[in-house]
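Visitor: I've got a structure open on my screen and a handful of questions about it. Could you walk me through it?
Guide: Happy to, let's bring it up.

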Amino acid sequence: MMKRLYTLLTLLVLALSPVFPQATLKVQAPSQAEVGQRIRISYVANTQDISDFQVGDFTGFNVLYGPSTSSSTNISMINGRTTRNSTTTFTYTVVPVQEGTLKVPAAAIKVDDKTIKSGTASIEVLPASQPQDAQPQNPKQGGNQQQQRQQQARQPNGQISGDELYMSVTASRKKIYEQEAVMLTYKLYTLVNIQQISGEMPQIDGCHVQEMDRPAQLSLKYERVNGRNYGTAVWKQYIVFPQKTGKLKIPSITFDTQVEVQNHSMDPFDIFFGGGSLSQMVRKQIVAPAVEIDVMSLPTPKPDNFSGAVGKFSVSASLTPDQVNANDAATLRLVVTGQGNMKLMKAPSIRFPQDFEVYDPKENNKTSNTATGAKGTITYDYVIVPRHGGQFSIPPVEFCYFDPEHERYNTVRTDSFHLAVAKAKGQPVAYTREQEELNVLSNDIRFIKLGELESEETDDFFGTSSYWLTYLLFFLAFVAAFFWIRRQQKLNPNSWTVKGKKAGKVASKRLKRASKLMHTKDDAAFYDEVMRALLGYAGDKLSLPTNELTKDNVISTLTARGVEQEVVDSFIAVLSDCEFARYAPVSDTNLAKEKIYQQASDVITQMNASLKSHK
């Protein structure tokens with residue numbers, strides 16, 4: 001008994017005691033930098049019981065400061081099990097003084113008289129970018145050369161030049177076949193602190209376009225162009241399948257961006273006393289150039305069984321089950337595997353016996369986009385129902401596609417299938433569809449009766465008093481329904497007249513809801529509510545249905561109603577600010593939200609006054 005009690009107490013103590021993981025030491029460093037740029041190198045240990053810390057020589061770096069030490073502890077209890085996570089971080093601030101691949105040295109710590117070592121890391125150091133008319137900087141001074149280059153390159157009026165921020169576009173191939181995939185890559189190059197960017201591929205006539213999936217958060221990578229180190233990132237990628245031949249022109253795309261720049265015009269005293277900011281947001285439009293691609297037609301003559309697929313494919317098939325009773329279902333599964341325009345190809349045609357009832361195939365698409373088109377498998381399930389007993393053969397399924405690499409048509413085939421069908425209970429011997437049609441025809445034929453035709457006399461309703469009474473009742477019912485509908489339209493609270501009168505009150509309620517969201521962390525909800533207030537007011541006041549509530553329709557309707565152009569521009573500007581802020585929150589969110597809220601309230605008041613004066 002005592003032994004069992006001791007065992008239980010031991011297990012309880014172990015369950016409630018903290019769990020200490022094995023001590024580790026890891027190095028954290030950026031993968032890229034440039035000569036003269038300040039960077040941080042950290043060594044992170046998962047314990048605080050450290051008696052000693054040693055690090056190797058930072059060859060190729062000038063150490064400005066370090067190590068600075070910080071620690072943190074997190075204790076959690078889950079299902080009675082306590083977990084304690086402690087970390088200690090040793091941070092160095094260094095400046096690379098030479099270009100090339102520099103090695104970050106390993107470090108070592110002592111934990112309970114045991115030495116724990118970290119690994120090493122490599123940093124690709126690019127040459128320093130030298131702006132025009134700028135003196136070279138001594139790397140040992142440790143200045144942030146990237147920020148200084150941005151400040152020196154910035155034009156006095158806050159504008160951003162074309163060589164500081166631009167977008168390039170490249171096509172994976174410039175000459176392709178019809179239906180063959182080509183990938184367009186839009187790459188961002190920037191020397192400035194970009195906060196937000198938006199822009200989409202317009203619709204292209206005669207093309208099927210699919211956007212490649214991209215990470216939600218993109219990280220910039222240094223790339224040296226014309227002696228300057230640009231931050232680069234692949235912003236968008238599209239797969240284009242041309243549906244017609246000839247010269248295909250991919251139009252240019254305009255991207256709207258917001259860039260944070262230094263506010264040189266701000267008074268230092270205003271900044272010191274909280275009256276301004278050292279930075280400001282600047283809008284910049286960048287245009288990715290157009291691309292022209294030569295699209296060749298597929299060779300002729302095309303095979304009769306051509307599926308429309310372009311790429312490389314294989315097929316396999318299976319029949320389940322291979323023995324059924326008449327009027328029971330079987331499934332022929334056809335699997336097409338490959339890479340190309342899989343989402344555009346047609347389901348293969350299969351020659352089933354005439355006695356079978358065949359349903360449209362069920363398609364299961366398991367493909368993903370790649371640089372050369374969709375890749376994966378598409379499964380087609382053909383449900384077949386034999387109506388009579390017998391032994392049936394299903395011929396091989398042929399799948400014909402065009403191989404652009406070898407510039408030829410290929411046909412792949414499956415095996416043939418045999419299906420044994422037992423006759424249903426009470427069913428006669430098996431017979432073919434032709435026999436069935438003949439039997440039906442023989443039953444459908446009837447004798448033609450000869451002689452004079454006899455007709456039955458019927459009373460004529462047209463022109464009688466009952467006819468005219470019925471006509472009068474229908475007419476009176478129509479008039480009554482007409483006036484009732486008109487009255488309901490006047491009383492209907494959803495009519496455009498009533499909506500127009502209540503537009504201001506509805507917008508005021510929405511703005512009040514937006515004011516409650518102003519000082520919360522839900523920025524998206526705030527901007528959505530402001531946009532609803534603006535668009536809802538415009539729609540109700542201008543009698544525009546929701547599906548016609550676009551910026552162009554609002555502008556044209558306001559102009560036609562005599563609203564001043566300045567008011568129209570203000571309305572569109574507030575909407576644009578909401579859209580930008582909705583997806584690109586700025587640092588001082590409360591100040592930005594208060595500004596947009598006030599602008600929205602003012603522009604609704606101005607529109608209301610202008611519409612009243614032009615009635």
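Visitor: Which residue in β10 is the bridge partner of Gln32?
Guide: One thing to keep in mind is that this is a predicted model. Strands β2 and β10 pair in the parallel sense, over three bridges. Follow the bridge from Gln32 across to β10 and you land on Glu124.

Visitor: What is the order of the strands in the open sheet that holds β10?
Guide: On one flank there's β2, running parallel to β10. On the other pairing, strand β7 (residues 100-104) runs antiparallel to β10, with five bridges joining them. That makes the pairing mixed, and the three strands come in the order β2-β10-β7.

Visitor: Which strands stand at the edges there?
Guide: The sheet is open, with three strands in it. An edge strand has a single partner, so one side is left without a neighbour in the sheet; that is the case for β2 and β7.

Visitor: How many degrees does the twist average from one strand to the next in that sheet?
Guide: We're still on the sheet with the order β2-β10-β7. From one strand to the next, its twist averages 35°.

Visitor: Which residue of β10 stands opposite Lys103?
Guide: Go to the antiparallel pair, β7 and β10. There, Leu102 has Ile123 as its bridge partner. Now look at Lys103: standing opposite in β10 is Ser122.

Visitor: Is Glu34 buried or exposed?
Guide: Glu34 is found in strand β2 (residues 32-34). The side chain of Glu34 makes a polar contact of 2.6 Å with that of Asn229. Buried means under 20% relative accessible area. Glu34 has 0% relative accessibility, so this residue counts as buried.

Visitor: And what is the relative accessible area of Ser118?
Guide: Ser118 lies in the loop between β9 (114-117) and β10 (121-126). Leaving aside neighbours within four places in sequence, Ser118 touches Leu25, Lys26, Tyr43, Ala106 and Ala107. Ser118 counts as buried, and its relative accessible area is 9%.

Visitor: Over to the helices: within what arc do the buried residues of α8 fall?
Guide: The buried residues of helix α8 (residues 551-560) are Val554, Thr557 and Leu558. They line one face of the helix, because, seen down the axis of α8, they fall within an arc of 100°. An α-helix has 3.6 residues a turn, so residues three or four places apart point the same way. On the other side of α8, the exposed residues are Asp552 and Ala560, so to speak of the arc of the buried ones again, the value is 100°.

Visitor: Which residue with a positive phi follows α8?
Guide: Step past the end of α8, and there's a residue with phi near 85°: Gly562.

Visitor: Last one: what percentage of the protein's residues count as buried?
Guide: The protein has 10 helices and 31 strands. Its accessible surface is about 37,900 Å², with 51% belonging to carbon and sulfur atoms. Out of 615 residues, the share that counts as buried is 37%.

Methods. Residues numbered from 1 in each chain as written. Predicted model: local features only at pLDDT ≥ 70, side-chain atom pairs only at ≥ 80, totals over all residues. Heavy atoms only, no water. Buried < 20%, exposed > 50% of the residue type's maximum accessible area, 1.4 Å probe, protein only. Helix = DSSP H or I, 4+ residues; strand = E, 2+ residues; numbered from the N terminus. Arc of directions from axis to C-beta. Areas by Shrake-Rupley, 256 points an atom, 1.4 Å probe, with all protein chains shown as cover. Contact = heavy atoms within 4.5 Å. Polar contact = N/O pair within 3.5 Å; in protein donor to acceptor, adjacent residues only side chain to side chain. Pairing = 2+ DSSP bridges. Axes fitted to C-alpha atoms, helices over the stretch in contact; angles between N-to-C directions.
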